[in-house]
Structure formats: structure tokens, C-alpha cells
There are 2 protein chains.
Amino acid sequence: MRFFSFFERSTRAFHHSPTYSKLIVLFTVSGGGLVAYSESKSDNGAYNVVSSQADAKKKKVVVLGTGWAGTSFLKNLNGSLYDVQVVSPRNYFAFTPLLPSVTCGTVEARSIVEPIRKIIKKKTGNIEFCEAECVKIDAANKKVHCRSTLPDGRKEFLVDYDYLVIAMGAQANTFNTPGVPEHCHFLKEVEDAQRIRRSVIDCFEKASLPNLSDEERKKMLHFVIVGGGPTGVEFAAELHDFVCEDLEKLYPDLQDLVKIYLIEAGDQILNMFDKRISSFAVEKFGRDGIDVKTGYQVVSVSDKAITMKVRPSGEITSLPYGMVLWSTGIGTRPVIMDFMKQIGQMNRRVLATDEWLRVLGCDDVYALGDCATIQQRKVMEDISAIFNLADKDKSGTLTIEELQDVIDDICLRYPQVELYLKAKQMRNAVDLLIEYKGKETKEVDIEGFKIALSQVDSQMKNLPATAQVAAQEGAYLAKCFNNMEESEHNPEGPPRIRGSGRHRFRPFRYKHLGQFAPLGGEQTAAQLPGDWISIGHSSQWLWYSVYASKQVSWRTRILVISNWTWRFIFGRDSSGI
Amino acid sequence: MRFFSFFERSTRAFHHSPTYSKLIVLFTVSGGGLVAYSESKSDNGAYNVVSSQADAKKKKVVVLGTGWAGTSFLKNLNGSLYDVQVVSPRNYFAFTPLLPSVTCGTVEARSIVEPIRKIIKKKTGNIEFCEAECVKIDAANKKVHCRSTLPDGRKEFLVDYDYLVIAMGAQANTFNTPGVPEHCHFLKEVEDAQRIRRSVIDCFEKASLPNLSDEERKKMLHFVIVGGGPTGVEFAAELHDFVCEDLEKLYPDLQDLVKIYLIEAGDQILNMFDKRISSFAVEKFGRDGIDVKTGYQVVSVSDKAITMKVRPSGEITSLPYGMVLWSTGIGTRPVIMDFMKQIGQMNRRVLATDEWLRVLGCDDVYALGDCATIQQRKVMEDISAIFNLADKDKSGTLTIEELQDVIDDICLRYPQVELYLKAKQMRNAVDLLIEYKGKETKEVDIEGFKIALSQVDSQMKNLPATAQVAAQEGAYLAKCFNNMEESEHNPEGPPRIRGSGRHRFRPFRYKHLGQFAPLGGEQTAAQLPGDWISIGHSSQWLWYSVYASKQVSWRTRILVISNWTWRFIFGRDSSGI
């Protein structure tokens, strides 16, 4: 029965495709499928008609990706309102913030993944999953081209959509540095973490082989991490703990030969954190013997060594290595690049959406998570329209009362206004005018209004590419989808600045809940909202509780906690599997 | 310091090798190694001399393999008596009886492995490990050629030995069936089990792709197991449980399409077990919908289908498959075959040892576990010598008293005598003569003695290739090594039948502790010593307790038990990693 409805949808998907005729042939030749099809049609005919009529009303949502954004969207979506098709090369959700822990066996890979079908099963409605990667988005025909990534399953097929949710994430950014794809490890996927774990053990086993000089052993035990962001720093810390707490006992001859390097092109590591945190990290790493090299730009990587340019002097230096982790940030996937060309975003580096996560220049397509960025509208672009909206009596000047009437809507539509007020420690819009005109001001004309708000757009920032942002975007978009019908009659959003009426939804607003940087040795730096900073063992326990509580299921929660417990008792495993 | 002594041993290993001069060049060019060498020599000269003098007295034991036999040998060896070098392509010991559980995620791979270095660390003495495979045994020069299996580490090197312990295990036996190595899974290593797990999930994901007929989906969900031994049966049971308890919930459209086949060339599955157990297994599998096909011999495997000959009729039939597991028994590794040619065992299929696990035709080389078999000496070959030994008064006849004096030694040297007595329900040697001559017999001549013992050798059996046998052999051999010096003066063994004096050690005697065959659905068949048979849920609990207690470390014990517990609560994970 379920197969039948799936089949029906698939043929619909192929309706405008050149492979449709081929498909018919396939079904006629193989026979069995056709028989099954007609059987289920005749047996349950009445029911089928009803269900397909009901289905016909439902719009089809295609979700690309099962990462933070896609999974958060699925978990929050009311599945009974849509026909949902999820397409992803991975049939599981991975709790990526624990990936650095997986690289050294502090946590097992299996403990941080949850099958997406298990998540779907808990939802009502018709949600289907298929393990394939999207190779092309055809927005003009409302179709995506997909290809199975399974062994012997590399057939291409089409999936049509009414709404498309792109949550495909990003790939590692090599900045076109030669040798990086061939010789470096990345840390984006669970498989990457497993490969790194195996590779670390391999380096130790290689250095234990006979007939090697100390010099050769040393080279094999140079672990180089390129990129001083949170991933690189956390991996350096994990690796240091793994070496000191576990491997040195098992490879006592090698303990003095191990060296960990952290290479950063900028002036400091953890530059998205407060300065106090990055200085603490540098100090701690110094004590631990981790060599932090800031101002070193990698120019190429060969099979044996990594070549760097020292920033101020331009001097070229080379460092032999046993293993390199490349974690310098994220780049756009080729399929997204191709899509951007189609929709006229060819000059941009990242796919742009508006504040409602709708892809600019393309209807019914949404993008969220690491593959997209929100292009926040500037106040200055709309300043005249804002003035006109606020100037209810059309006097040509705004009184304080008029401004107060609309300031909440303006803050909602332009979050940078609120951020600006906060940054300047102003309580409300009145302060904005006071700063501009002085204490006694009561009204302002368009020129004055422009000057008063001229600095506001400087507060605009792109959201960081974190799990937190992606998850919030997914939940937000699902809420919009759930209220799609209701909001048509009762729009929830702020008034349209250009045009009449209100926006259907409030724009997406990110709520920063804080960020952690584990530094090893049971110490973590935490930067919480309100610039509250905590470094040390207590934040490590906060980290444990937050990460345990954020797990997607009770199974992964229990597994992660027991992994931590067994690690405390028995240490990490160093078997080369 | 430790590096120095290791280095010293390595150069010794290369003394007679053609690569020695090359090695010197390498060390001179790289420099650092040479400096480190001379430094440590001058710094700790006095200590070095002492330690190398002490070392010089110790014999060097090289152990090939870290499976059941090798690890059991290491665990029981008194490490302070020898200089031990372990060479194995795997730096861990794996609890292989749980491999079928790993294929479906009932137990995690990581839970059944223990780093060999951790096992070594608990021992006193100088035991070194190196991750490499032995590619050639050169018994004439007492050297083994080894090659690292690590990426970029494929250098060959030599290791010399005074005693060599070969415990390399066996490989899957394909019986030269075409297509088997390319298309079938095996289940010998941990990696095999991980690959099978991924492959099972892949089959389900492939069958969930759109645009497939029911016929095609069915083919993808044919799981074929070739070989009705304990491994094949246990995997079939595990897979059936995985499908019924976990996968059917997540892939509801596919539940009626899955089919598991168990192909056996012989007349019955589990033929090493009691008939009652194999009939119970067939009945249970019948109820479970597992298709047991006995008398089907596989003739070839292509990428899509498996071709079989039906035994009685000779009819050829073909079965399309999604996944095939090949588990038809074990074959000899090429390096062992090559070694057998060297030592004149070319006409044999398996490396033969005597009852003291010494390789026949080769001094100071021992072999145990799946790579070797004990060639038990026949009573009939020695019958005259036995008669002469027993006939103390050289009267030409044996009295009952004379026979009783030596029967214990004979039973020790020829275990088949004891087995024969047991099988015939005889209490002692007197019964043997009574059976031959009648109630009133008191003595027997050589011809009569021959006739009385003529059936005894029929009780000779090769030991099964099980973990239990390998572990007992390892422990036995370690005990021999530990008492090597002591036994020179006080031999423990039975009197030499040909020649004078006693054997240094008692011959190896296998003690069968029983065998399990898990059949799925929390039911296990157990065949315990004394042909005590138990089938059902209670034996499943016995199985749990025995397997938990036999774990090599507390870490693996706790992990395996918690895997079982979480599986009961949360089911098995089906993420495709």
C-alpha cells in the first residue's frame, strides 16, 4: 500500500523528465512491479482514490540534507500538513559538536548518530527518506536531480517539489591550497573522525617499526592542525589528552618525540571568542607543549611536509608531518555554486536568503544552515520608506511619539537597530534622537532621521556557521511551514515597509546561547550570553551537561554519557580499527 | 634508553641480511639516529653493558599473530625469561566469537577488541610489539621477513629468533569458487563485521530508492549465507533478529520483501553439533522464514547472482542476491603454504605439529591455533615399542599387572586410548583385554596386544578450529616455555616409547568445555561436555554469562554487557556508518 503511493509520486516526479518513457519500459520489462501496482490498485481502489485526493491537496516539501538544519526542520514540522521527501547521502543525523571527541575515542562514533528514519517514525504524516545526494537543483522546473551514493546504486533520478528546503551544509574550504585535498584530513563527517582516529594510531605504530632513526620517528609524530578555530583548537586539546593520558603509557619509547602544532594564519587563535579566552588557550597550550604558530599561512602540502609563509617576514618554512588536520573554515558545495549561477547570484560566495530564509531570486526555495547566509536588509536602503511609515500625520517631521509607535516594528524588521541601541546602551528610540540633537529634541525631519540612524547598519553581522544557528533556523522555518495557511489570513510579521499590509511571518532572529571551547585536561572555556566568561573545570562540567542534554535521543544521550564514564575509568581505546 | 636496546636488536636481526649495508647508509645519512645512538651509549654506558649482557643470555621468542593462540601464549608467558617480539598486522586482540553480533550491531566492534600493547604492559619483562605482517619464514636462517601493513609504511624488515611461535590463524576457504573473493563477504576480522553491517543497511537503503520494481527490491533484499557452520548459522540468526526487531520498523514498505537463505553443501547444518541441535535449528529457522537449503553446492558467484548445483539431481540453479556471506571454513595462508614447502610438508593441506606443538621437520618452531594441526602419533605405529616398554620382565607376554603399570603413561602419550576406553564404556586396561580374550584372561602376547588395540586409532580426531582450542594451546605452550629450564632436569612428560628417558613436557591435551550455537530470538543451543544438551532461553543466559566472563579485560567486559543492555532497551542502530 505504501509502496503504491510512493510509486505514484515517483511517476509524477518524472512527468516532465526525459527519462519518463525509459521508466515505463523498465516497469513493463520487469513485470513484477507492474503487477504489484495493478493489484494494489484493484484491491484497495476506493481507499486509494481518497488518499490520493487528500494527497493531491498537500504540497510536497523536499528537504535536502539531514544535518542540524534539516533535522531540526523535520523535528519541528507538522508532518500531516505536507507530503515530505527527505534526500540526503547520510541516513542519519550526527551530533557534530562531538566530532572532535570521536577523533580520539573519547566518544564513539555510533553514540553521536541517530538514524533519520527513527526521527521520522516519531512524526505523523507521510515523510519519506531516500539515501542519495542532490546533484542539481532545477528551480525553473521545480525539480531536483538526485543520485544514489550507495555502491552499485549510482542511478540518477528526479524529485519534484512544491517547496524546496536546502540544508546541505558546506564543505571544507581549502582556499585552493595545492596538496590539501590529497594529503590532509578534514573534520566534517563522522567518517572523517573515524579516519583521523585510525590515522593517529597508525602514526604511533609506524614510528614503532624497527630500523628508523629518532629523526624519522619524530617526523612521523608531528601532528599538524591548520586553523585556529574552535574545531582545530578542540582537536589539538583532545589529541594532547589522548597522547598524554593513554598513548604514552602504551608507547613509552615515543613519548618525547610527539609534537602537536597548531597553525593559524591570523594573529590569534579562537578569534570569534573573547580575547581573555584566546589568551588563556594560548597559555594553556604553551604549558601543554602544543606549539601554537600564529601568522603562518600554509602555501602547499606535500606527502611528507607542509610549507608555510611566515606572515610579517614573508619567509618560507617547511614542517615535516605525520598527520595534518585542515580546519580553516567552510566553503560552498559545487551543487550550490551551480544553483547560484542559475538564479543570478553568481557574484556571491555563499547562497543568500532574505530574513525569512527564502532564497533571493527564486520562489518556493528556502535555504538554511551552513549552505546559506541571511542577507539582512539595510536600514539605509529603506530609510525614506521607514520615515514615511512612521510619519502618520504626513507632517514631514517625526515626533517622539510617532517614532515610539513604530520603533518595535522597526526593531523587528531590522535587528541591527536593536543591537545598535544595546551597543550604545540606549534604552529606546528617544535616546537615539537625543544623541543626535541634544536633550530638548522633540521632532526630527528626514535628514536628521537619516543622520541619527546612519551608524545603525554597522551592527549587521553574518551569523556564524554553527550548529546552534542551523538548529534555530530549522525550527523557525518549520514553524513558518506549520502556520503557512493560518498566516495567510492573520499575518504575524511586521508591517511591510515598502508595500502595504504585514509580512506573513516575523523574520528569523538568532538567539545566541553561548559557545564552548574545550581546551583539554578537563578544562573548557565558555562564553555565555552577556559576555559572561568562565574558564576551567566548572565549565567542563557545564559543557558535559549541555552536550548531554542537547542529544537528539535518549539512546545517544545514554551512550554519550556512558562513553564519558568508561573513558574516565578505562581510558581511550587504541586498537587500530 | 629502550630505543637503544631495540635498535641494537634490530641491527642484530640484519646481520646476515643483504639490506644491512643499506641500513648503515640510511643511519649515516639521516644522522640524528646515529647521534642519539652514541649519546645514549656514552650517557648510560655502564647500565647498557649490564642490560645487554643480561639480554644476551635470554633467548629471543618471536610470536607471529595476536589472535586467540598468540594472545593466550603472551598472557601466560613469564615475560622475564625471554626477549619477546610480537609481530602482527593487527595491534589488538579481538574476541572473535562475538563477531557475528558485531555484524548487526548487537555488540559494537570497539567492545570486543583490546590493544595488544595493553595486554603486554601488564606483563613483566621485555615484550615488544610491531604492527606488520610476516611475509616469509626463513627457518634455515632463523629469521622472519616482515612487512608493515600501515599506509606509506610498506618497508620490509627482518626479525631473527631463537624460538618462533606461529599463531597467524587461517583465511577463509573459497574452494577456488569463481567470483567468491570479489563478491562475497567473509567474517574473519573485525573490519569484515563492520563492512557487513554497513552492507546490510546499504541493501535496505538501495531497496528504498525510487523507480524500482518490487522484483528488483526483492533481489536487493536476498541475504545469502553460504556455509551452515556455527558462524553462518549465528549470522543468519543475528540478521533475522536485526531485520525483525529493528529494520522492519524503519523500512515498513520492505518487510515482506526480505529473505534470508542459508546454503549448505552437506546434508545438515551445524554438523559438528548433536543431531538434536541441528534439527532444532532447522525447525526454528523454518518458523522464522529463514530458507535453509542443504545439499546445494555453490559453483560460482557473479556480481548479481549466486549459481548452485543441487546435490542429488545435479541441477543448476541461480539465486539473485543483495549480499552474500561466505563462511565455509578455513584455508591455509600463502605464507604458511610457502613455509610448508621449505620444511618438506608440501603434500599436506595444513601445517602439522607434534603433540608438543612443535612443527614437524623444523627445530625451535612452534605452531598453534587455526594455522596448524596436531598430528597425533598412532598407537599402531609404536605398538611393538609399547609392548616392549610394558613387558618389564621381557617374558614375551604382558600380564594384567604389567599393563596396568604403564596404561596411564600410554593414555597420556596416546589420548585416543583414553577416548576409546570411554567410548566403549570400559573402566580400565583390563576391560580391553577381556573384550579381546574373554573373562578369564591374565596375559597377552604381542599379536593379541595388537588386536586388542587395533581399533584405538579410529578415535583420533583433528581438533576443531575454534577459539577454545587455540586459547588452550597458547596457555599450554606458554607453560612449556616457562618451565623450559626446569624441565631439562625434571622432565614432566611420559616415558619416551622409542628411546630412553622421559619427554620434557606432557603432550598437549584439549579439554572441551562445550560449544554454543545462538539461534536468534534469545534462544541458544548449548552442547556441554558429557553430551549434555540445552536449547532455549536458559542457554541464552548461560551464553551471556560465559561470553561476558571470558572477555579479555574488564573494559571489554563492561562494554559488551552495556552493549547488550542498551540493545535490549533501545534496539540496534541502523545508521549507515
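**Whole assembly**

This is a predicted model. Start with both chains in view. A rotation of 180 degrees, with 0.0 Å of shift along its axis, superposes chain A on chain B with an RMSD of 0.1 Å. That is the relation of a two-fold axis. To find the axis on screen, select A:Ser562: of the residues of chain A, its C-alpha comes closest to the rotation axis, at 4.4 Å.

Now colour the interface. Of the interface residues of chain A, 98% are also interface residues in chain B, so the copies meet through the same surface.

**Chain A on its own**

Chain A contains 22 helices and 26 strands. Of its 577 residues, 44% are buried. Among the contacts in chain A with a separation of 6 or more, 64% are between residues 24 or more positions apart.

**Helix H12 of chain B**

Bring chain B back and select residues 275-288, which form helix H12. At 1.5 Å a residue, these 14 residues should span 20 Å, and the end C-alpha atoms are 20 Å apart, which agrees.

Show side chains along the helix. Which residues of H12(B) are buried? They are B:Ile277, B:Ser278, B:Phe280, B:Ala281 and B:Phe285. They cover an arc of only 160 degrees around the axis, which puts them on the same side of H12(B). An α-helix has 3.6 residues a turn, so residues three or four places apart point the same way.

Turn to the face of H12(B) that points away from the buried side. The exposed residues there are B:Lys275, B:Glu283, B:Gly286 and B:Arg287.

Just after H12(B), stop at B:Gly289, where phi is positive, at about 85 degrees.

Next, show what covers the buried residues of H12(B). The cover includes helix H11 (230-250) and the strands E12 (259-264), E13 (290-294), E24 (515-520), E25 (523-528) and E26 (532-536) of chain B. The next two stops look at the sheets that hold these strands.

**The parallel sheet of chain B**

Select E13, E12, E11 and E17 of chain B. In that order the four strands form an open sheet, with parallel pairing. E13 and E17 (323-326) of chain B stand at the edges with a single partner strand each, so one side of each is left without a neighbour in the sheet. From one strand to the next, the twist averages 15 degrees.

Zoom in on E11(B), residues 222-226, beside E17(B): four bridges join this parallel pair.

H11(B) lies across E11, E12, E13 and E17 of chain B and runs at about 175 degrees to E12(B).

**The antiparallel sheet of chain B**

Move to E24, E25 and E26 of chain B. These three strands form an open sheet in the order E24-E25-E26, and the pairing is antiparallel. E24 and E26 of chain B are the edge strands, each pairing on one side only. Direction ignored, neighbouring strands of this sheet are turned by 10 degrees against each other on average.

Follow the chain through the sheet. E24(B) pairs with E25(B) over five bridges, and B:Gln515 stands opposite B:Gln527 in E25(B). The hairpin of these two strands has two residues between them, and B:Gly521 takes a positive phi near 60 degrees there.

Five bridges also join E25(B) to E26(B).

**Last stop: B:Ile330**

Select B:Ile330, which lies in strand E18 of chain B, residues 330-331. Is B:Ile330 buried or partly exposed? With 16 C-beta neighbours inside 10 Å, B:Ile330 counts as partly exposed.

Apart from its neighbours within four places in sequence, B:Ile330 is in contact with B:Ala170, B:Gln171, B:Ala172, B:Asn173, B:Asp370 and B:Ala465. For a distance check, pick B:Asp162, 168 residues away along the chain: its C-alpha and that of B:Ile330 are separated by 29 Å.

Technical notes
Residues are numbered from 1 along each chain as its sequence is written. Chains are lettered from A and ligands numbered from 1 in the order in which they are written. This is a predicted model: local features need pLDDT of at least 70, side-chain atom pairs count only at pLDDT 80 or more; totals for chains, interfaces and linings use all residues. The expected span of a helix is 1.5 Å times one less than its number of residues. A residue is buried if 20 or more other C-beta atoms lie within 10 Å of its own, exposed if 12 or fewer, and partly exposed in between; C-beta atoms are placed from the backbone. The arc is that of the directions from the helix axis to the C-beta atoms. Two residues are in contact if their C-beta atoms, placed from the backbone, lie within 7 Å. Two strands pair if DSSP finds at least two bridges between them. Axes are lines fitted to C-alpha atoms, for helices over the stretch in contact, and angles run from 0 to 180 degrees between N-to-C directions. Copies are superposed by least squares on the C-alpha atoms of residues with pLDDT of at least 70 in both.
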